[in-house]
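Reader: I have not looked at this one before. Can you walk me through it?

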Amino acid sequence: MFKKIFKNMSHDKAENAEKDLKNQEIINEAETAENEAAAEGIASAEALTEEEKLREELANEKDKFLRLFAEFENYKKRTSKERVELFKTANQEVLQAMLPVMDDFDRAMAQIAKSEDEVLLKGVELIHNKLKDTLTGKGLEQVEIKAGDAFNADFAEAITQIPAPTEDLKGKIVDVIEKGYKLGDKIIRFPKVVIGN
């Protein structure tokens with residue numbers, strides 16, 4: 001009887017073990033299939049992401065290139081503009097050194113005009129005009145400002161204020177003491193003026 005019981009138990013155990021083994025094999029096959037499918041999905045996803053990464057890197061490189069190209073173009077424009085301005089103002093120091101000579105000529109002309117010597121006046125006037133034309137040819141221009149104009153600190157330098165001789169000269173230029181000059185668009189010497197208050 002014990003043999004029969006043990007035999008039945010061992011038979012049941014064997015059947016259970018066999019069922020467990022079959023179930024385990026089915027589970028293993030399912031897991032293997034899932035792993036293979038996942039691996040294929042991962043591989044295709046990796047390939048897709050690798051392609052996307054390459055596209056993104058290409059887009060970044062194109063963006064860097066375009067920015068660098070634009071920056072270089074701006075640099076070229078800026079340096080060419082600076083070069084043109086440098087050529088325009090290259091004579092600035094020499095012209096500034098010549099301005100006191102022009103002032104002396106203007107004062108001399110005013111004094112000689114008071115005398116009655118026409119020949120002397122004509123000779124000094126010719127030299128004055130020649131110097132003025134030469135400096136104008138190099139780009140020097142006189143700042144146009146005269147008595148009665150409104151005072152603008154961007155274009156003139158006020159050296160003093162006096163009581164205005166008339167009401168309409170209040171806050172305006174009463175007298176121009178020293179002429180101003182500009183080279184191109186840049187003022188190299190501001191006119192010195194007297195303002196009425």
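Predicted model: local features only at pLDDT ≥ 70, side-chain atom pairs only at ≥ 80, totals over all residues.

Reader: Fine. How many helices and strands does the protein chain have?

Author: The protein chain has three helices and six strands. Starting at the N terminus, the order is α-α-α-β-β-β-β-β-β.

Reader: And what share of the residues in the protein chain is buried?

Author: Of the 197 residues in the protein chain, 16% are buried.

Reader: Now the rings. How many aromatic pairs are there?

Author: The count is two aromatic pairs. F65 and F69 form one that is stacked, with 6.2 Å from centre to centre and 25° between the planes.

Reader: Why does that angle make it stacked?

Author: Because planes under 30 degrees apart count as stacked, and for F65 and F69 the angle is 25°.

Reader: Where do F65 and F69 sit relative to each other in the helix?

Author: Both belong to helix α1, which covers residues 2–88. They are four residues apart, so about one helical turn separates them.

Reader: Are they buried or exposed?

Author: F65 is exposed, at 51% relative accessible area. F69 has 45% and is partly exposed.

Reader: Different topic. Which residues make up the patch of negative charge?

Author: On the surface, E82, E85, E141, E144 and D185 gather in that patch.

Reader: Where is E82 found?

Author: E82 lies in helix α1.

Notes
Residues numbered from 1 in each chain as written. Heavy atoms only, no water. Phe/Tyr/Trp six-rings, centres within 6.5 Å; stacked < 30°, edge-to-face > 60°. Helix = DSSP H or I, 4+ residues; strand = E, 2+ residues; numbered from the N terminus. Buried < 20%, exposed > 50% of the residue type's maximum accessible area, 1.4 Å probe, protein only. Patch = residues over 30% accessible without salt bridge, like charges linked within 9 Å, V, L, I, M, F, W, Y side chains within 5 Å. Areas by Shrake-Rupley, 256 points an atom, 1.4 Å probe, with all protein chains shown as cover. Salt bridge = Lys/Arg side-chain N within 4 Å of Asp/Glu carboxyl O. Lys, Arg positive; Asp, Glu negative; His and termini not counted. Charge placed at Lys NZ, Arg CZ, Asp CG, Glu CD.
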